[in-house]
Amino acid sequence: MKCPMCEHPTKVTETRSIAPQETHRRHHCHKCGHKFTTIEVIAEKVSGKLKAPPPPKTHQWRKPVKAAPSPYPTPAPTPLPERKVRAEDLLEAKRLRDSLEDY
Ligand SMILES: [Zn+2]
């Protein structure tokens with residue numbers, strides 16, 4: 001399959017069988033780096049009659065949305081109250097750990 005961005009032949013990097021008769025293929029263009037997915041289905045299943053297969057659907061993987069920088073200053077982190085570890089708590093934690101290891 002040719003890259004929709006630069007028309008360079010692409011390589012299939014991943015093939016997934018989503019349903020018994022539906023296959024998703026992940027393509028990678030080594031010329032421009034574009035990545036896209038095609039969905040392969042049986043033409044008769046889609047149209048009900050034998051017709052020319054539909055053009056392959058391309059699916060864009062969504063890029064993570066970056067949050068806009070806040071116009072307000074970031075509040076200083078609230079310090080957590082100091083926690084005192086007691087010897088009894090440590091012994092209790094060890095006892096629980098030991099009892100879990102029995103499983
Ligand atoms: Zn390309």
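## Strand pairing and exposure in a predicted chain

Ala19 stands opposite Glu22 in β2, and these positions belong to a predicted model, in which local features need pLDDT of at least 70, side-chain atom pairs count only at pLDDT 80 or more, and totals for chains, interfaces and linings use all residues. Residues are numbered from 1 along each chain as its sequence is written.

The protein chain holds two helices and four strands, which follow one another from the N terminus in the order β-β-β-α-β-α; helices (H or I, at least four residues) and strands (E, at least two) are DSSP runs, numbered from the N terminus.

| Strand pair | Residues | Bridges |
|---|---|---|
| β1 and β2 | 11–19 and 22–28 | seven, antiparallel |
| β2 and β3 | β3: 35–41 | seven, antiparallel |

The hairpin of β1 and β2 has two residues between its strands. In the hairpin of β2 and β3, six residues lie between the strands, and Gly33 takes a positive phi near 85°. Across this second pairing, His27 stands opposite Phe36 in β3.

Thr38 is placed in strand β3. Leaving aside residues up to four places away in sequence, Thr38 touches Met1, Arg25, His27, Pro56, Lys57 and Thr58, where contact requires C-beta atoms, placed from the backbone, to lie within 7 Å. The C-alpha atoms of Thr38 and Val12 are separated by 9.8 Å, although these residues are 26 residues apart along the chain. Thr38 is partly exposed because 17 other C-beta atoms lie within 10 Å; by definition a residue is buried if 20 or more other C-beta atoms lie within 10 Å of its own, exposed if 12 or fewer, and partly exposed in between, with C-beta atoms placed from the backbone.

Glu7 lies in the segment before β1 and is exposed, because it has 11 other C-beta atoms within 10 Å. Glu7 has a positive phi of about 70° although it is not a glycine. Most residues other than glycine have a negative phi.

Helix α2 comprises residues 87–101, and its end C-alpha atoms are 21 Å apart, which agrees with the 21 Å that its 15 residues should span at 1.5 Å a residue; the expected span is 1.5 Å times one less than the number of residues.

For the protein chain as a whole, buried residues make up 4% of the 103 residues. Among contacts between residues at least 6 apart in sequence, 23% join residues at least 24 apart.

Conventions:
Pairing = 2+ DSSP bridges. Contact = placed C-beta atoms within 7 Å.
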